[in-house]
Amino acid sequence: MTPEDVRDILRTVEDPDLGADIVSLNLVNDIRVEGDTASVSLALGAPYAPTETAIANRVREALRDEALTPDISAHTETDSSVLPGVKNVIAIASGKGGVGKSTVSVNVAAGLADRGARVGLFDADIYGPNVPRMVDADDHPKATQDDTIVPPEKYGMKLMSMAFMVGDDDPVIWRGPMVHKVITQLVEDVEWGNLDYLVVDLPPGTGDTQLTMLQTVPLTGAVVVTTPQNVAIDDARKGLRMFGKHDTPVLGIAENMSTFTCPDCGNQHDIFGSGGGETFADENDLPFLGSLPLDPRVREGGDGGQPIVLDHDSETGDAFRDLAGNVANMTGILNRRSLQ
């Protein structure tokens with residue numbers, strides 16, 4: 001069995017999203033054959049994404065069907081001098097406050113870490129940082145002799161937030177240039193190490209922090225969070241246009257607070273309307289990443305530092321896990337398309 005024989009075998013494995021075989025799509029980096037072992041390096045850049053995991057499993061099955069022992073690895077090139085060890089930087093954004101963007105950020109990051117990915121969570125909301133409370137982070141960053149910052153970890157995530165740098169009740173009253181400087185330092189001077197995903201919780205709106213991130217950080221893509229109501233959709237549209245003007249791909253739309261199920265009678269109530277996020281996604285030809293219910297346990301988890309996504313016995317936890325998987329899937333699609 002030669003590497004070319006193995007390559008022919010891999011032509012039977014299709015990418016379900018791109019609609020062609022992985023060889024034609026340039027998703028095979030290298031093939032080596034030693035005895036009955038076939039070592040295959042795949043150009044898959046979204047670790048633990050359900051679709052890419054399925055592709056790797058289909059490669060294993062195809063090789064085993066030919067009496068070969070598969071040895072599968074994944075590798076993609078990163079060419080950024082900023083965050084060189086980070087494969088994917090995912091911004092979570094909203095046009096307005098109060099739509100649960102930080103809740104989505106925390107649960108997407110925790111959901112990816114729960115799948116086994118190496119994850120960092122950067123709370124970029126300088127004026128209203130909430131992430132440390134939402135994950136009950138007791139430890140604080142440590143400084144090294146080289147004036148770099150070692151981030152604390154919780155739930156398998158490396159954490160960074162302005163909340164670590166100021167007192168609990170101290171307001172941050174800064175003008176734009178200072179925000180730019182601090183954001184840059186909290187990105188570049190932190191020892192993030194090798195990460196599969198760095199999830200960035202952006203503040204609401206389209207201001208200085210967003211501009212700094214768009215101009216200095218190699219964003220893989222963004223998720224826009226909204227509630228179903230028109231007021232939120234109007235502002236989400238502005239956030240969407242912001243990413244468009246800076247050529248940042250939008251991975252899709254997530255709708256939060258979509259439905260409330262009454263714990264007493266079991267009836268469902270659309271408190272903030274219905275279907276607005278999905279309609280918004282359709283109007284802009286974007287993927288709809290999922291609906292998240294209005295559930296008191298989400299608030300309880302945020303206040304208590306226990307992300308609901310880690311509750312594997314909860315339907316709401318299932319919804320957040322599906323969202324995290326869809327974010328990873330869209331990240332993988334974006335990366336694989338870039339190879340064409």
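The backbone oxygen of Val-99 lies 2.9 Å from a polar atom of the Asn-256 side chain, a polar contact being a pair of N or O atoms within 3.5 Å in which, within protein, one must be able to donate a hydrogen and the other to accept it, while residues adjacent in sequence count only if both atoms are side-chain atoms. This is a predicted model, in which local features need pLDDT of at least 70 and side-chain atom pairs count only at pLDDT 80 or more, whereas totals for chains, interfaces and linings use all residues. Residues are numbered from 1 along each chain as its sequence is written, and side-chain values use heavy atoms, with hydrogens and water left out.

**The loop between strand 14 and strand 15**

- Asn-256 is found in the loop between strand 14 (250-255) and strand 15 (260-261), where helices (H or I, at least four residues) and strands (E, at least two) are DSSP runs numbered from the N terminus.
- Asn-256 counts as buried because its relative accessibility is 7%, given that buried means under 20% relative accessible area, exposed over 50% and partly exposed in between (1.4 Å probe, protein chains only).
- Not counting residues up to four places away in sequence, Asn-256 touches several residues, including Val-99, Gly-100, Thr-226, Pro-228 and Leu-292, where contact means heavy atoms within 4.5 Å.
- Ser-258 has its place in the loop between strand 14 and strand 15, and is buried, with a relative accessible area of 8%.
- Leaving aside neighbours within four places in sequence, Ser-258 is in contact with residues among them Pro-228, Asp-270, Ser-291 and Leu-292.

- An open sheet of eight strands has the order 10-11-7-12-6-13-14-17, with mixed pairing, two strands being paired if DSSP finds at least two bridges between them.
- Strand 10 (153-154) and strand 17 (288-291) stand at the edges with a single partner strand each, so one side of each is left without a neighbour in the sheet.
- Strand 7 (residues 119-123) pairs with strand 12 (residues 195-201) in the parallel sense over five bridges, and Phe-122 stands opposite Val-200 in strand 12.
- Helix 8 (residues 276-283) lies across strand 13 (221-226), strand 14 and strand 17, and runs at about 155° to strand 14, with axes fitted as lines to C-alpha atoms, for helices over the stretch in contact, and angles taken from 0 to 180 degrees between N-to-C directions.

- Strand 3 and strand 4 (residues 37-42) run antiparallel and are joined by six bridges, with Ser-41 in strand 4 as the bridge partner of Asp-30.
- The hairpin of strand 3 and strand 4 has two residues between the strands, and in this hairpin Gly-35 takes a positive phi near 65°.
- Strand 4 also pairs with strand 5, in the parallel sense and over six bridges, and the bridge partner of Val-40 in strand 5 is Ile-72.

- Most residues other than glycine have a negative phi.
- Asn-26, in the loop between strand 2 (20-21) and strand 3 (28-34), has a positive phi near 60° and is partly exposed, with a relative accessible area of 44%.
- Ala-67, in the loop between helix 2 (50-65) and strand 5 (69-74), has a positive phi of about 65° although it is not a glycine, and is exposed at a relative accessible area of 63%.
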